[in-house]
Amino acid sequence: MNTAYVYLQLYRLFDEITPVPTDCGRLCKKACCKGDDGGMFLFPGEISVYKLLGPDWIKTDKTDFYYEYNSKRYNVPIAFCSGDCDRYQRPLACRIFPLTPYLNENGTIEVITDPRAKRLCPLAKAFFIDDYDAAFVKNVKNVFTLLAKNKQFFTFLKAYSEYLDEFRRFYD
Ligand code: SF4
Ligand code: SF4
């Protein structure tokens, strides 16, 4: 199956299910959509969604962050928006924020609060994982458990978790 369609299917899991049952954007005036540095990583293969749909509110670029798979280097793409988007096309990173997958030392996928979110998101600052909507946490876990069955995605997740460790040391 085309990777773009896989992501588009997974996106649906977060169309109605959000971190909390109320509109948390009212707490913070949608701080996560207004960061100066903006930008969210696109997960492996996710850029195909935006190549397919071609929305005018998103721009993509490459980052310096990379992982290696089968002796090839993959720079992780990043997406930038103007602070506005089509909700039904927003990237996976926006849908799971302020949570993120994390591959622990046993090779098991955990769902954690994204340490990068702690500087701006009231939920990330105050909530434990159990405080989020259980269906939301479960969907995050299921999506990344599924994606990580792909060996390249698993390799990315390992590098991504090491990248998060740098922030965890600082923010936790
Ligand atoms: S996820 Fe956090 S930063 Fe984003 S709208 Fe909700 S409370 Fe605000
Ligand atoms: S793509 Fe949408 S949800 Fe994501 S940061 Fe931009 S405005 Fe917010």
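Ala, Val, Leu, Ile, Met, Phe, Trp, Tyr, Cys and Pro count here as nonpolar, Asp, Glu, Lys and Arg as charged, and the others, Gly among them, as polar. The model is predicted, with local features needing pLDDT of at least 70 and side-chain atom pairs pLDDT 80 or more, while totals for chains, interfaces and linings use all residues. Residues are numbered from 1 along each chain, chains are lettered from A and ligands numbered from 1 as written, and side-chain values use heavy atoms, without hydrogens and water.

**View 1. Shell around ligand 2.** The shell (residues with a heavy atom within 4 Å of the ligand) holds 8 nonpolar, 1 polar and 2 charged residues. Among them are C32, C33, M40, W57, D84 and R90.

**View 2. Shell around ligand 1.** C24, G25, C28, C32, F97, L120, C121, P122 and L123 surround ligand 1. This shell has 8 nonpolar, 1 polar and no charged residues. Helices α2 (25–28) and α5 (122–126) each supply at least two of its residues; helices are DSSP runs of H or I with at least four residues, strands runs of E with at least two, both numbered from the N terminus. C121 is buried (under 20% relative accessible area, with exposed over 50% and partly exposed in between; 1.4 Å probe, protein chains only) because its relative accessibility is 8%. C32 is partly exposed, at 47%.

**View 3. Buried side of α6.** In α6, F136, V137, N139, V140, V143, F144 and L147 are buried. They lie on the same side of α6 because they cover an arc of only 160° around the axis, taken from the directions from the helix axis to the C-beta atoms. The face turned away from the buried side carries exposed A134 and K138.
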